[in-house]
Amino acid sequence: MELFWEYVKAFLVGGAICAVGQVLIDFTKLTPARILVTFVVLGVVLGALGVYQPLVDWAGGGASIPLTGWGSTIAKGTRDAVAEKGIFGALSGGLTGSAAGVAAAIFFGFLSAVVFKPKAKEE
Amino acid sequence: MSTNIGKYTLRLDKSPSITGSAAIGGKKEAEGPIGKMFDIVNYDALFGQKSWELAESEMQRQAAQKVMDKCSLSPGDIQYLFAGDLLNQIVASHYGLRELGIPFFGLYGACSTMAESLILSSMMIEGGLAKKVMAITSSHFCSAERQFRFPLEYGGQRAPTAQWTATAAGACIIAENSQPPYIKAVTVGCIEDKDIKDLNNMGAAMAPAASTTIKRYFQDTLTGPDNFDLILTGDLAQVGSDLLAELLLREGYDIKKKHADCGLILYDRATQDVEAGGSGCGCAAGVLCSYIIPAIREGKIKDMLFVATGALMSPISVQQGQNIPGIAHLLHLSSTPNPIQQGGNA
Amino acid sequence: METVTNQSYNQMVKKASPPSKSARNIPMAFLVGGAICTLGHALIKFYMSMGVPEETAFPAASITLVFLSALFTGLNIYDKLAKWGGAGTLVPITGFANAITAPALEFKSEGYIMGLGAKMFLIAGPVIVYGIAAGVVYGVILYLFQLY
């Protein structure tokens, strides 16, 4: 039962974050790229303010999978690196913290682009 | 000879003829309401080429070849070529038509290119400067989408006001007065800017230009909607068509019963998922060359106005936050030629 | 006869333009986005059950989703899902992976370096730029105010 609630929490939080994105798409003139940027920067800010990690602890994938979660890993990486290396950590921490997502997207995106052929859209 | 009537309209007293037309379409166009009327349909969106841009060129090459075949002409019989498309530096025309060896004029009128090329062709024939001229244009959904919007595989929702760029090409042969349809008069449009910035609402950007051009034609020729069987706009789609009707109503012209739009003829909005309707050079060209020209030739349509509309922005101007100006060019097409004017020398 | 000013024309345009189907879009975004996140959570639990420590299981789940997104983008499935899911497919990290893969694939025709390699960041580039820049600003603030 506890496991079930864990998934419900992930679903609700993840869905809610995405629904906010849809409201932005439908009711503002923000382009998708701007919305992505907004969510990542928001994630960094919320991570920096220390409010995002509790949400991740509560909702798991529901908070870590949206781009705000990726933004919060930038904040977390920066905080750890500054504590360890001082001012140089401010530069290296963000990429270190978020490296997994970026490198995976670049590498798998590259592989996919090499393997597949562009196809026409029909609808 | 031609006569200027009013400020903007040129009556072509010799009434040049469109002696032949050919239309090429893609899969979605073939599945639309007038799909059966296309001369050639390619179910492979790449048209057997390596890229979307080359596919569009191939479509123009096929359109040019088909219209020459239908009229039993060879490239040597055609004195000038007026062509254009939506791609940067109109490469679809340049690459698709380079092997013809016909003296070439490249045009950019965005989606109004079919009307622009027909107007220039008819002026050349009217002026006695040539015997046979070809006008041709095309658009391809995939090449337009990646130039103006997003890569095809990118996941995004289309706005309800967005339009679907037609994968189609149309070509016409214009020659001296011989058979319908006759081009009786033309009105060249002015660039019009009504402060529209939304790339997903092209119909709204182009409707004011269409309204102005149609109004000028009515004023110059002392006619109105009742004098025509059909007022056919290029690619205003649903939103633009509604706006055009309202704009002209404010000027005192009720076109509702006579108006149709190529963007609403080419696709069935209810089943084909094209949002507001079709667009692109190939939309007006495909509908005109497959459906309208034969209908005039058979006498089903007697007098009509063909008003192709274009949105004159580039991806750069849009990113820089500039407005989207529109343009509309008009041709009066008829199943009968102009009567010889008194004292005229036609 | 009245001349239509730009302002009154823009009013007309607003009236003539149908609004987005939010009554459908927002619940769909919730459902699809929620489903992707739930899948992500299941992956986290799966990796942890395999003995992967928590701080590795989270990025591992993200990487797996990124892989699936790149695959489904290449198979022309992700854009069809996105047509229904809207922000539900845009906001999760799978949307970021789609934004990287789609231009890379589409612009391969302009070559592997200036096409695939450069255009890959057409949509997702700004996300990295502003995400990292915000991180650096945060780091400098941490350092200056001795908050660590």
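Reply: Helices (H or I, at least four residues) and strands (E, at least two) are DSSP runs, numbered from the N terminus, and the expected span of a helix is 1.5 Å times one less than its number of residues. This is a predicted model, in which local features need pLDDT of at least 70 and side-chain atom pairs count only at pLDDT 80 or more, while totals for chains, interfaces and linings use all residues. Residues are numbered from 1 along each chain as its sequence is written, with chains lettered from A and ligands numbered from 1 in the order in which they are written.

Where chain A meets chain C, 66 residues of chain A and 65 residues of chain C are in contact (C-beta atoms, placed from the backbone, within 7 Å). On the chain A side, at least two residues each come from α1 (2-27), α2 (32-48), α4 (61-64), α5 (67-85) and α6 (87-115), and α6(A) gives the most, with 21 residues. That side divides into 44 nonpolar, 18 polar and four charged residues, where Ala, Val, Leu, Ile, Met, Phe, Trp, Tyr, Cys and Pro count as nonpolar, Asp, Glu, Lys and Arg as charged, and the others, Gly among them, as polar.

One helix pair in this region can be followed residue by residue. The axes of α6(A) and helix α8 (residues 125-144) of chain C come within 8 Å and cross at roughly 145°; axes are lines fitted to C-alpha atoms, for helices over the stretch in contact, with angles from 0 to 180 degrees between N-to-C directions.

Within chain C, helix α3 (residues 54-74) has 21 residues and reaches 31 Å from its first C-alpha to its last, close to the 30 Å expected at 1.5 Å a residue. After α3(C) comes C:Asn76, whose phi is positive, near 65°.

Chain C also meets chain B through a helix pair: the axes of helix α7 (residues 237-250) of chain B and helix α1 (residues 6-16) of chain C come within 10 Å and cross at roughly 135°. That angle makes α7(B) oblique to α1(C), since angles under 35 degrees count as roughly parallel, over 145 as roughly antiparallel, 65 to 115 as roughly perpendicular and the rest as oblique. The crossing of α7(B) past α1(C) is right-handed. B:Val239, B:Asp242, B:Leu243 and B:Glu246 of α7(B) make this contact with C:Met12, C:Val13 and C:Ala16 of α1(C), giving five nonpolar, no polar and two charged residues.

The remaining pairing is that of chain A with chain B, whose contact takes six residues from chain A and eight residues from chain B. Here the chain A side divides into three nonpolar, no polar and three charged residues.

Methods:
A crossing is left-handed if the near helix is turned anticlockwise from the far one by less than a right angle, and right-handed if clockwise. Two residues are in contact if their C-beta atoms, placed from the backbone, lie within 7 Å.
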